[in-house]
Amino acid sequence: VRTSSHPPLQHVVAALQRRWGPNALQRLSQLRERGFLPTGWDALDQVLSGGGVPCGGITHLSGQPTSGMVTLAFQITARALAEGYGAVAIDLTRSLDLDYARRCGVVLDQLALVWPPSPRIGIEIARDIVAQDIAAVIVFDATAVDAAWDDPEMLVRSLRRLKAALVDTPCIVLCLTGTSNHPCATAINSVAALGLAVEHVTWLHETQDVVGYRAQITVRKDQRGSPGRSAAISVRLEETSHP
Amino acid sequence: MMACVRLPHFGPGIEQRDRPALAGKPLALVDETDHINDLSQGAMQAGVRLGMSVLQAQAVCGDLTLRPAAPARYRRAFGDLLATLTHFSAHVEPEEGLALRADARRRKHLTFLPRTQVDAVPAAVCYLDLGTLPAGETQTVARRLPPFVQERCGLPAAVGLAAGKFTARVAALLPKAGEGLAVLPDRSADFLATFTVALLPVDGETIRQLYLLGLDTLGDVAALPVTAVVDRFGREGRIMHRLAGGRDTSPVQRYMPPVMERAAHQFDDSVEDWTVLRAVLAKLTDALSARLRGAGQVARHVVVDLELADGSRLECDVMLRRPTASARSLLDTVYELAASLPVATGIADVELVVDDIGAPVARQLSLFEREPVSAAHLREVLASLVARYGDDCFYQARLVDGEARLPERRIQMEKVGRR
C-alpha cells in the first residue's frame with residue numbers, strides 16, 4: 001500500500017468499514033480505549049477511572065429531582081446514539097421526560113421506551129435487550145419507585161443475572177434512583193461497577209433569569225479506582241425547558 | 001350485517017363452567033402480582049374492582065373466592081369458540097386478537113370518563129360478518145346466536161347485530177347476557193346518537209378535547225359537517241365522523257386459527273408421585289418435540305395444565321426467549337413449570353400445549369464488533385420481545401410538533417406491535 005497517497009487507502013478503509021462495521025479496520029492512532037464512554041464533561045471524566053462510564057457494566061446514578069442526574073444520563077445516551085447505536089429507556093414510573101431527552105440531543109427514532117409492570121420484569125427485559133445487542137445504552141429509571149413494589153432479594157438476583165449478561169458486551173446500563181438508602185438503590189448499588197451521587201449546588205443566574213445550574217458529582221463506588229473523588233459540572237438551560 | 005358477540009366475565013365464567021362448585025359465588029382471578037385480574041358479576045356487585053390487591057378485595061367482599069388466573073386456558077377456550085363460530089361465517093375476528101383484555105383496564109387511564117354507557121365489564125369480544133341478511137332474518141339471527149354460543153361454550157353471550165362493527169359493538173353492550181339486539185341498517189345513526197363519545201376507539205386526549213368542545217354524544221359529532229371535524233382532528237376526525245354516523249365500513253378479517261400442538265395424559269388413579277409425573281411429562285414432551293421437528297418448526301410458548309383430583313385446575317406458561325423444538329429444552333421448561341405449580345392433592349390429568357409456532361430463523365453471528373443498529377432493526381427486535389412480555393410494555397416516541405405549547409402534544413407514544 002502506498003502510504004504517500006492517502007486517498008486510495010482511505011477509500012479502502014471506508015469501504016471495509018461500510019461493509020463490516022466501523023470497528024472492522026482502524027488506524028492505530030485512532031484506536032481509543034473501548035471500555036469506557038466519556039460523559040461529555042471533562043471535569044467529570046477526569047475523576048472517573050477509565051475516563052468515562054464503563055461499557056459492559058452497570059452505572060448507578062443517585063440524586064434528587066433537579067439534581068442533574070437525568071441530564072447526565074441523557075447526555076451520555078446522546079453521545080452513544082451519535083455513534084449510530086440504539087438506546088432503550090426502561091421507565092418504571094412512566095415519568096421520563098422525552099421532550100427534555102430530545103432537547104439534550106437524544107434522537108427519538110433511535111430510542112425505545114419500555115414501561116415494565118415491575119422493576120424485576122424491567123431488569124429481565126434489559127437482560128434480553130443486552131442479549132440481542134441492539135442498544136448501546138439502557139437507561140433504567142427507578143427514580144420514584146415505591147419501596148414495597150418488588151421483593152428486594154428477587155431484585156438483587158435479577159440484577160446479578162443482568163450483570164453477568166453484560167460481561168464482554170459494549171452496552172452501558174445507567175440506573176437512576178432517588179436517595180441512595182432506598183431498597184431499590186441499595187440493590188442496584190450492590191451490583192454497580194460505578195456509583196455516582198449527583199447533588200444540586202446552585203442555580204446559575206443572568207440578570208433575573210435562571211440560565212442553568214451547577215451540580216456536584218461524587219464517586220460513591222468505582223471498581224477500578226478509589227471512591228470519594230468529586231467534580232463540579234455546569235449545565236446550561238438555553239436549549240431546555242427545565243432541568 | 002355484522003354481529004358482535006360479547007362474553008362478559010369470560011375468565012371467571014370458564015372457571016365456574018369447569019368447576020360447578022364455584023357457580024354463583026363471587027369469584028375473582030388473581031394474577032402473578034396478587035392483584036385482581038378478572039372477576040365474576042357477583043364479585044363486581046359486591047364492590048370488587050379490577051386492579052385491587054387481594055387484601056383490598058377480601059376486605060370489600062368477605063366471601064370472595066380467589067383463583068389463580070390461567071390466561072392461556074381462557075385463550076384456548078376462546079379460540080375453540082371462534083372456530084365454532086366459523087359455522088356461521090368464515091369471517092370471524094377476535095377483538096384485539098386473543099388477548100382478552102378487559103375493557104375497563106384498557107380505559108383506566110381515562111379517569112374523566114362518565115361511568116354510564118362505557119363498557120366497564122371485562123369481556124371477550126369477537127365479530128362475525130354475516131353477509132347480506134333480509135330484515136326479518138336479522139331478528140331471527142339475533143335471537144338464535146346467543147343460545148348457540150351458550151350451547152357451544154357454556155357461557156352466556158350478549159349479541160349485537162348492525163350494518164357495521166362499531167354499531168354492533170355498541171349494540172352488544174345493551175342486552176343482558178344470553179340475549180341479542182339487532183339494529184337495522186337505516187337506524188344506525190339514530191341508535192348511536194345518544195351514546196357517549198367515550199365509546200369511540202380513539203385516545204384519551206382526543207376524547208378529552210371532544211368534551212371540551214361540548215361534543216358529548218356520538219350524535220353531536222355526527223351532526224357536524226365532516227370538514228369541520230377533519231379540520232380539527234385530521235384523518236382521525238374523518239374516521240370518528242364516520243363511526244358516529246353509523247357508517248363503519250371496516251371489514252371483519254377471515255379467521256385463521258392459531259397453530260398449536262397439544263399432548264395429554266389421563267391417569268387411571270390420581271398420582272402424587274413426582275417420579276411418575278416426570279416420566280409422563282417426558283413422554284408427552286418427546287411427542288410434541290417429534291411433531292414440531294417433523295414439521296420443521298419451532299415453538300415459543302409452552303403451557304402446562306394440570307387437573308387435580310378435587311377437580312380444580314392449575315396452569316402455568318412461559319414465553320421462551322428463543323423458540324425451540326428441542327426435546328431437551330422443552331423438557332427442562334416443562335419440569336420447571338410443573339415444579340412451580342402449588343400442587344396440594346393428586347394429579348388426575350396432565351396436558352402440555354405448545355403454540356406460537358413458526359419456522360426457525362437462522363442467526364448470523366457477527367465477525368467483528370457490531371455495526372450501528374438501524375431504527376428498523378431496533379423496532380424488529382422489540383416486536384419479538386412483545387411476544388414474551390406483552391404489548392403494554394414497549395413504545396416508541398414520535399415527534400409530532402416540537403414547538404407545541406402543551407408538552408403532551410409534542411411527542412406521541414406508539415405501541416410496538418408484535419412480530
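Predicted model: local features only at pLDDT ≥ 70, side-chain atom pairs only at ≥ 80, totals over all residues.
Contact here means heavy atoms within 4.5 Å. Residues are numbered from 1 along each chain as its sequence is written, chains are lettered from A and ligands numbered from 1 in the order in which they are written, and side-chain values use heavy atoms, with hydrogens and water left out.

**The two chains**

- Chain A holds 7 helices and 10 strands, where helices (H or I, at least four residues) and strands (E, at least two) are DSSP runs numbered from the N terminus.
- Of the 243 residues in chain A, 50% are buried; buried means under 20% relative accessible area, exposed over 50%, and partly exposed in between, with a 1.4 Å probe and protein chains only.
- In chain A, 69% of the contacts with a separation of 6 or more join residues 24 or more positions apart.
- Chain B has 16 helices and 14 strands, and 48% of its 419 residues count as buried.
- For chain B, residues 24 or more positions apart supply 65% of the contacts with a separation of 6 or more.
- Chain B exposes about 20,500 Å², with carbon and sulfur atoms supplying 52%.

**Nonpolar cores**

- A nonpolar core is a set of buried Ala, Val, Leu, Ile, Met, Phe, Trp, Tyr and Cys residues joined through side-chain atoms within 4.5 Å.
- The largest one has 48 residues, and Leu44(A), Leu72(A), Val137(A), Leu174(A) and Leu196(A) touch the most other members.
- Helix H3 (residues 69-82) of chain A gives this core its largest share, 8 residues.
- A second, separate core has 39 residues, including Ala135(A), Ala142(A), Leu378(B) and Leu382(B).

**Two packed helices in chain A**

- Helix H5 (residues 119-132) and helix H6 (residues 152-166) of chain A pack at an angle of about 10°, with their axes 9 Å apart.
- H5(A) is therefore roughly parallel to H6(A).
- Among the residues that meet are Ile123(A) and Val130(A) in H5(A), and Leu155(A) and Leu162(A) in H6(A).

**Buried residues to look at**

- Val114(A) sits in strand S5 (residues 111-114) of chain A and counts as buried, at 0% relative accessibility.
- Residues in both chains touch Val114(A), among them Ile90(A), Ile125(A), Cys393(B) and Phe394(B).
- Arg73(B), in helix H4 (residues 71-85) of chain B, counts as buried because its relative accessibility is 7%.
- Not counting residues up to four places away in sequence, Arg73(B) touches Ile14(B), Glu15(B), Asp18(B), Asp305(B), Arg313(B) and Glu315(B).

**Helix H9 of chain B**

- Helix H9 (residues 204-212) of chain B has buried residues including Glu205(B), Ile207(B) and Leu210(B).
- The cover over the buried residues of H9(B) includes helix H10 (218-223) and helix H11 (226-233) of chain B.
- Gly214(B), with a positive phi near 80°, follows H9(B).

Technical notes. Areas by Shrake-Rupley, 256 points an atom, 1.4 Å probe, with all protein chains shown as cover. Axes fitted to C-alpha atoms, helices over the stretch in contact; angles between N-to-C directions. Parallel < 35°, antiparallel > 145°, perpendicular 65-115°, else oblique.
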